[in-house]
Structure formats: structure tokens, C-alpha cells
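Hi everyone, thanks for coming. Let me put the model on the screen and walk you through a few local features.

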Amino acid sequence: MNTEISRKQRLKFFFINVAAFAVIFLLLGFITLQLLQSSAYRQTDLSLKKMAESEHLIQMEINRYQQGNPFLSQQPPNEQDMDQIPDGKNRFNTQIILWSKDGKILNKEVIGGRFTELEKLSLNTKQLDSIQALNLKNSSDSAQKLSFRSYTIKAEQNDGIAYIQFLANTNQIADSMKTFETILILCMIAFWLISIGISFYISKMNMQPIMNSWRKQQEFVENASHELRTPLAIIQNSLQQLFTRPDHTILEESEPIAQALNETRRMNSLTEDLLILARSDSNQLLLQKEDVDPKAFIQQLAQPFQEIAEMNDKQFILENFADQPIAVDEKRIHQVLVILLDNALKYTEAKEKIVLQSAISNDNWLIEVKNNGPSISDEDKKHIFERFYREDRSRSKETGGYGLGLAIAKQIINQHKGKLTVRDWQPKGVVFQIRLPLK
């Protein structure tokens, strides 16, 4: 992949991740603040509503106003009314304001010194019977803002009293909220900065599968081109050779013609294998599963290989025990076993042994192809199912292999939700094991 394209793609992933983290943190902060604000003022708002419902408190405030006595006791007659006062018995943060119809405070003398805090207060009759947030400037300190929660109700005409307003000072809550908001913003910034580093790492991790896929695709194309180049060159040379001797008969030129036909078949086989792998990569290799009798299937498949082995003075042992029907794509499983048995025959010398086992084990159809030919190193076992990988390239050329057979077998077994593995066969040889689920 072009380095510039790779860098741009990585930057794209990086900025997407950074933006995603930023949106998540902003939403989290907004939701947290909204929940905290609603819970912080809930008890104060509830207390104001309870005060408005307390006839005793309202009447005592009216009595204080009428008698002009700010020290008139307002202790509730019972504990139930005590609960209606915010902050228990401490009413320092709460105030009851009596308003005239024309918007004048009637009980300013009773309020006393605290009236200086409420000089800027005005009557709002448009939002009665609802909690409102108020912010007033302190007359004695213009830089200080006073925060209140307000609840106003309409009163019966009693000595000029038209409205009653209940106020609760919430400066402490507001200061706590500001402190929390500052801490939250700082934490969000800090974690967002951390998320930038995480985004860089994630973008790098996201590019790895793309780069690996591109690298495999490039290797696949290069290897396929390399493998196709040889048969094409042979065919071209054979045909050019025919043109140099136009007076020869077909019989006289049978050798180059046969060579060209042989390479054509090899190239056709290679392209078929490449097509199978390409379809498998794009999930277009569809399986046509049907119930198969494994015993008859294995017996029929093994017969020609037994004959070939006998002709080459090799032992072929069949242990065919599976007798339970299983749903598989018969054509594809046949292809897998042909690949494994063909490899076993190729890499087994005369007098050596090949074993094909078939059995039902733990709800699986277990098939093993064993041969006591050359062993496979542990390093080669890690790559043996990769495309175009050949343990011994010179030997593979002699046997006509392209290094695609085991890759195709692995793909087919994976699509059957099964497993294809390789292990050593002691004291010498290898075992290819297929495990296919019965269900």
C-alpha cells in the first residue's frame, strides 16, 4: 500500500477516534451536570413547596407583619410542621416575602437587615405556583451575586397582602456546583488528552489488519503471477517451435504439442485453485450440504489411492469405522481428502506406510491421514496452510505442487465449521487431522 495513502488512512482513523472520545466526554459531562443540578436543588424545592402548604408558617409571617414584631416566635406547634421548614430548625437561609397587589414588599421592616439583600427583588406574577431560579446583586457588594430558589403563590386579600413568595438562598449549592463543574471540566480535558494517545494507538491497531490484508493480497498476486509465468512461457516456446518447422507433421511435433497441452492443464488447475480461494475470501464459496454415508464415501474415495499405492510398492491402510450419516458438501470434502492423500503419496517412499482413518468421536467426524514419510518442522507447521507456501520448493516443483492445496483444504474445512490440523506421527511422519461437527 502506498505510504502516503497509509498515512492518510491512519490520520483519518485517528481524528475519528479523537472526535468520538470528545463527543462521548461532552455528552457524559452534560448528562452528569444535569442530573447533579436536578438532585442538588430537589430537596430545597420540595421544602419550599411544603412551606407554601403550611398554613401555620404563612399565618405566623402575616402576624409578624401585622404586629411589626420580627421576634415573634414562629416555632411550629408540632413536629410535623417542623419538617416543612428547610434545614430543620434553621431558617437563616429561607425567607417569606409578603407582596402587595402593586408589587411592593409589605414586610420589609420585619425582614430587617436582610432586606438589603432583597432590594433588587421584583414581583413576577406570570409564573405562580412553580419553582424559579433567581440571581440578585448584593446592594452592599455589587461583585457578589445572590442565588435563590423562589416559589410564589397567590394569597387571599388579607391586610393588603396579594402574593406570598418563599425564598431559599442557594449560594452554597451554587458554589458547590461551580466547584464540581470546574473539577469535571478539568477531568474531562485530562481524560480527553489521554484519549488522544489512546486514539493514536487504536488508529495504529486499526491499520494493522488493513496492512496485513494488503500485504497478503500483494503476495498472492505476485506468487500467482510467478506461478502462471512458467507454464505460459513453456506454452509460448512450444508454439514458437512449431512455427519454425511448418513442414513437419503433427506426429513429428507431438512432443512440443504434448508439452503445451500438459502445461495448459496445469495452468487450468492453478486458475481453478485461485478461483476457489478468491471465492472463499469473498464468502462466495457456497456449500451444498447433504447427508452422506461416511463409510461408503471413504471406501469409494480410498480405492484408487490404494491401487496407486500398491503399484508404487507403498502400504495403504484403511480404518473405516464411521457409520453415522453426516451433512457435508460431499464434493468439497472429497476435494480435501484428495489433496491430503495425494500429498501423502507424493512424500512417501516405497515400503513406507499411509493410513486413512475415519471414525465418530465426541459428536465429530474424525478423519486422519497419516504417513511415515519426512516429518515437518515446527516452524513449517506454522505456515503450511498459507497460500503458495512450500516446505521444500525444489521438491515441490518436482511433484508439481503450487503450495495451494493445503490452503484450499483449510478454507473448505473452516467453512464446514471444522478444524484441520497437523502434528507429528511418532517416531517418523506426519498426521493431518480433520474434525467436522455432526450438527
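A word on exposure before we start: buried means under 20% relative accessible area, exposed over 50%, and partly exposed in between, using a 1.4 Å probe and protein chains only. This is a predicted model, where local features need pLDDT of at least 70, side-chain atom pairs count only at pLDDT 80 or more, and totals for chains, interfaces and linings use all residues. Residues are numbered from 1 along each chain as its sequence is written, and side-chain values use heavy atoms, leaving out hydrogens and water.

So, is Leu35 buried or exposed? Its relative accessibility is 55%, so Leu35 counts as exposed. You'll find Leu35 in helix H1, residues 3-40; helices here are DSSP runs of H or I with at least four residues, and strands are runs of E with at least two, numbered from the N terminus.

Now over to Ser147, in strand E3, residues 145-158. Ser147 counts as buried because its relative accessibility is 14%. Asn135 is 12 residues away from Ser147 in sequence, with 4.7 Å between their C-alpha atoms.

Most residues other than glycine have a negative phi, and most peptide bonds are trans. Lys351, though, has a positive phi near 75 degrees; it sits in the loop between H9 and strand E8 (353-361). Asp363 also has a positive phi, about 60 degrees, in the loop between E8 and strand E9 (364-371). And the peptide bond from Gln426 to Pro427 is cis, with omega near 0 degrees.

Thanks, and over to you for comments!
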